[in-house]
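Let's take a walk through this structure together. Have a look at it first, then read on.

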Amino acid sequence: MNQPSFLSRCLEFLREEDGPTAVEYAVMLALIVAVCIGTVSTLAEATKASFDASQEAIGNAGGN
């Protein structure tokens, strides 16, 4: 069996289109993660504000 040389394997890798596809998927994944982090952060702030308002209302109702 004749194994291809290192140089021919490198050239074949550069000709393949799997490399750019992997980069595109990585960029898409990074954008999805960024949107998820932004959404969770926004929801966390809204939830904190809601709990703070509830805490204040309960404290005022109890006469504290």
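Predicted model: local features only at pLDDT ≥ 70, side-chain atom pairs only at ≥ 80, totals over all residues.

**A first look**

Residues are numbered from 1 along each chain as its sequence is written, and side-chain values use heavy atoms, with hydrogens and water left out.

The chain has two helices and zero strands; these are DSSP runs numbered from the N terminus, with helices being H or I of at least four residues and strands E of at least two. Its accessible surface comes to about 5,900 Å², and 67% of that belongs to carbon and sulfur atoms (Shrake-Rupley method, 1.4 Å probe; for residues, only the protein chains shown count as cover).

Start with helix α1, which covers residues 6–15 and holds Phe 13. Phe 13 is exposed, at 54% relative accessible area.

Now move to helix α2, residues 18–61, where you'll find both Lys 48 and Asp 52, four residues apart, about one turn of the helix. Their side chains meet in a salt bridge, 2.9 Å from N to O; the rule asks for a side-chain nitrogen of Lys or Arg within 4 Å of a carboxyl oxygen of Asp or Glu. By that rule the count comes to one. Lys 48 is exposed, at 53%, and Asp 52 is partly exposed, at 35%.

Note on methods:
Buried < 20%, exposed > 50% of the residue type's maximum accessible area, 1.4 Å probe, protein only.
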